[in-house]
Amino acid sequence: MRSRLLRTVGYAVPLCAAMVACFGCGGDAPKAPPEIFSDARLADVAEADLDRLMAFGGVDVIVEEEGELCVYLSEANVTQPDEINAILPVVARLPDIKKLYLTGTPVNDSGMDAIAKMTTLVSINLDSSRITDAGLAKLATLPNLETVFCRNTEITVAGAAKLRDEKNVLVTR
């Protein structure tokens, strides 16, 4: 298996004291020199997909202390659902993603189609997004899903209860 070295294009913000990579993240933290990132799980990711993620900006791919791959799109500077929904199929092609953070993004129900293909996903944060019950229901196909955070969304008590009851998923709203 080939190994790919990626150059981060932002700064690294410690997460669980083990942030390994950041693709174009924004914010007010001081800039650090680009770092080299290598993870065998990303070795087979298409170069075009990596280029799209880096060009998109605000996408952080992180390896937490437990070795889990996590993706944060919370820093993405987008205001339209089409913008965030367009990058989600690329994110969905990243292997072995356990956690996905879409906090404060304009992701909506149509973006859930790509997320529903992330079969290794264990936790997703949709707080302050534009998800409704219909979008939440699309996550019922995820075999490993354990937790959904969906505060400040249009998800109803009934919609959250349906996913919780069908999949035994912790849904916080």
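In the predicted model, the side chains of aspartate 113 and lysine 138 meet in a salt bridge with an N to O distance of 3.0 Å, a salt bridge being a side-chain nitrogen of Lys or Arg within 4 Å of a carboxyl oxygen of Asp or Glu. This pair links distant parts of the chain, 25 residues apart, with aspartate 113 in helix H3 (residues 112-115) and lysine 138 in the loop between helix H4 (133-137) and E7; helices (H or I, at least four residues) and strands (E, at least two) are DSSP runs, numbered from the N terminus. Aspartate 113 counts as partly exposed at 41% relative accessibility, and lysine 138 likewise counts as partly exposed at 27%, where buried means under 20% relative accessible area, exposed over 50% and partly exposed in between (1.4 Å probe, protein chains only).

Residues are numbered from 1 along each chain as its sequence is written. Because the model is predicted, local features need pLDDT of at least 70 and side-chain atom pairs count only at pLDDT 80 or more, whereas totals for chains, interfaces and linings use all residues, and side-chain values use heavy atoms, with hydrogens and water left out.

The structure holds seven salt bridges, including one between arginine 151 and aspartate 127, whose closest N and O atoms are 2.8 Å apart. Arginine 151 lies in the loop between E7 and helix H5 (157-167) and aspartate 127 in the loop between E6 and H4, so that the pair ties together parts 24 residues apart in sequence. Arginine 151 counts as partly exposed at 37% relative accessibility, while aspartate 127, at 10%, counts as buried. A salt bridge is also formed by aspartate 165 with arginine 164, the closest N and O atoms being 3.8 Å apart; aspartate 165 is exposed, with a relative accessible area of 59%, and arginine 164 is partly exposed, with 37%.

Six strands form an open sheet in the order E3-E4-E5-E6-E7-E8, with mixed pairing, two strands being taken to pair if DSSP finds at least two bridges between them. Strand E3 (60-63) and strand E8 (170-172) are the edge strands, each pairing on one side only. On average, neighbouring strands of this sheet are turned by 15 degrees against each other, direction ignored, with axes as lines fitted to C-alpha atoms, for helices over the stretch in contact, and angles running from 0 to 180 degrees between N-to-C directions. Strand E6 (residues 123-125) pairs with strand E7 (residues 147-149) in the parallel sense over three bridges, and isoleucine 124 stands opposite valine 148 in E7.
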